[in-house]
Amino acid sequence: MNHFDEILSVGDLRSIGQSNKVVSLINNQNNFDELFQQLFHQDRKVVMRAADAIEKITLKNPVYLKKHKDKILLLCNKAKDKELKWHLALIIPRLSLNKKEFGWAWQILTNWVKDKKESRIVRVNSLQALFVLLPQNKELMQDFNLTIEEIANENIPSLNARIKKLKNDHR
């Protein structure tokens, strides 16, 4: 049994602590499942670092997320802390979503992007996630472009930089 909560609780909220160490410990679904449980920990630092590790692990192994899809979508509804949201935004496009789930995910990400009360990193990562999801439903291109237009008018450097990058990536 791994003691992920002990490893992930060291340090303060401004650092990723030892989340990279945890990444190196995950080599099968069972280990991943144990780590995934830390997303429900009462300590915000543990949750943030578990989400960071999960994001890094699933970049190469998105299959680990398959059995946790419903819990991830539920977490998106309940998430309050920006550190969890910014990781969830990047994880969502790695899920195999049915049409209903896709529509729901698109809506929550769009809401996060447009919400001026959200942290800028949540907004930037949500915009990136929408861009990654877009090829799965080209009919949402107009919606995506309207979202970009709306947030570009806020003239926030981090969002404008991501918009510029996405436009370059789209070419």
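## Helix 1 and residue D5

D5 has its place in helix 1, where helices are DSSP runs of H or I with at least four residues, numbered from the N terminus. The model is predicted, so local features need pLDDT of at least 70 and side-chain atom pairs count only at pLDDT 80 or more, while totals for chains, interfaces and linings use all residues. Residues are numbered from 1 along each chain as its sequence is written, and side-chain values use heavy atoms, with hydrogens and water left out.

With a relative accessibility of 30%, D5 counts as partly exposed; the classes are buried under 20% relative accessible area, exposed over 50% and partly exposed in between, with a 1.4 Å probe and protein chains only. Not counting residues up to four places away in sequence, D5 touches Q38, H41 and V46, a contact being heavy atoms within 4.5 Å. D5 and L35 stand 30 residues apart in sequence, and their C-alpha atoms are 8.5 Å apart in space.

## Helix 3 and its buried side

The buried residues of helix 3 are N31, F32, D33, L35 and F36. They pack against helix 1 (4–8), helix 2 (19–25), helix 4 and helix 5 (69–78). At the start of helix 3, a side-chain oxygen of N28 comes to within 3.0 Å of the backbone nitrogen of N30.

D33 lies in this helix, which spans residues 29–36. D33 counts as buried because its relative accessibility is 12%. Beyond residues up to four places away in sequence, D33 touches K67 and H68.

## Helix 4 against helix 6

The axes of helix 4 (residues 44–60) and helix 6 (residues 82–91) come within 9 Å and cross at roughly 15°. Helix 4 is therefore roughly parallel to helix 6. Axes here are lines fitted to C-alpha atoms, for helices over the stretch in contact, and angles run from 0 to 180 degrees between N-to-C directions; those under 35 degrees count as roughly parallel, over 145 as roughly antiparallel, 65 to 115 as roughly perpendicular and the rest as oblique. Helix 4 passes helix 6 in a left-handed crossing, meaning that the near helix is turned anticlockwise from the far one by less than a right angle, with clockwise giving a right-handed crossing.

On the helix 4 side, R44, V47, M48, A51, D52, I54 and E55 take part, and they meet K82, E83, L84, H87, L90 and I91 in helix 6. The residues of this contact divide into seven nonpolar, one polar and five charged. In this scheme Ala, Val, Leu, Ile, Met, Phe, Trp, Tyr, Cys and Pro count as nonpolar, Asp, Glu, Lys and Arg as charged, and the others, Gly among them, as polar.

Helix 6 is mostly covered, with eight of its ten residues buried. These are E83, L84, K85, W86, H87, L88, A89 and I91. The buried residues of helix 6 pack against helix 4, helix 5, helix 7 (99–114) and helix 8.

N125 has its place in helix 8, which runs over residues 120–133. N125 is buried, its relative accessible area being 9%. Leaving aside neighbours within four places in sequence, N125 is in contact with W86, A89 and L90.

D143 is found in helix 9 (residues 141–152). A relative accessible area of 29% makes D143 partly exposed. Apart from residues up to four places away in sequence, D143 touches W106 and T110. The C-alpha atoms of D143 and T110 are separated by 9.2 Å, although these residues are 33 residues apart along the chain.

The axes of helix 9 and helix 10 come within 10 Å and cross at roughly 145°, and helix 9 passes helix 10 in a left-handed crossing. M141, F144, I148, I151 and A152 in helix 9 meet L159, N160, I163, L166, K167 and H170 in helix 10. By class, this contact has eight nonpolar, two polar and one charged residues.

The loop between helix 9 and helix 10 (157–170) holds N155. N155 is exposed, with a relative accessible area of 59%. Its phi is near 55°, a positive value in a residue other than glycine. Most residues other than glycine have a negative phi.

Note on methods: Helices (H or I, at least four residues) and strands (E, at least two) are DSSP runs, numbered from the N terminus. A polar contact is a pair of N or O atoms within 3.5 Å; within protein, one must be able to donate a hydrogen and the other to accept it, and residues adjacent in sequence count only if both atoms are side-chain atoms.
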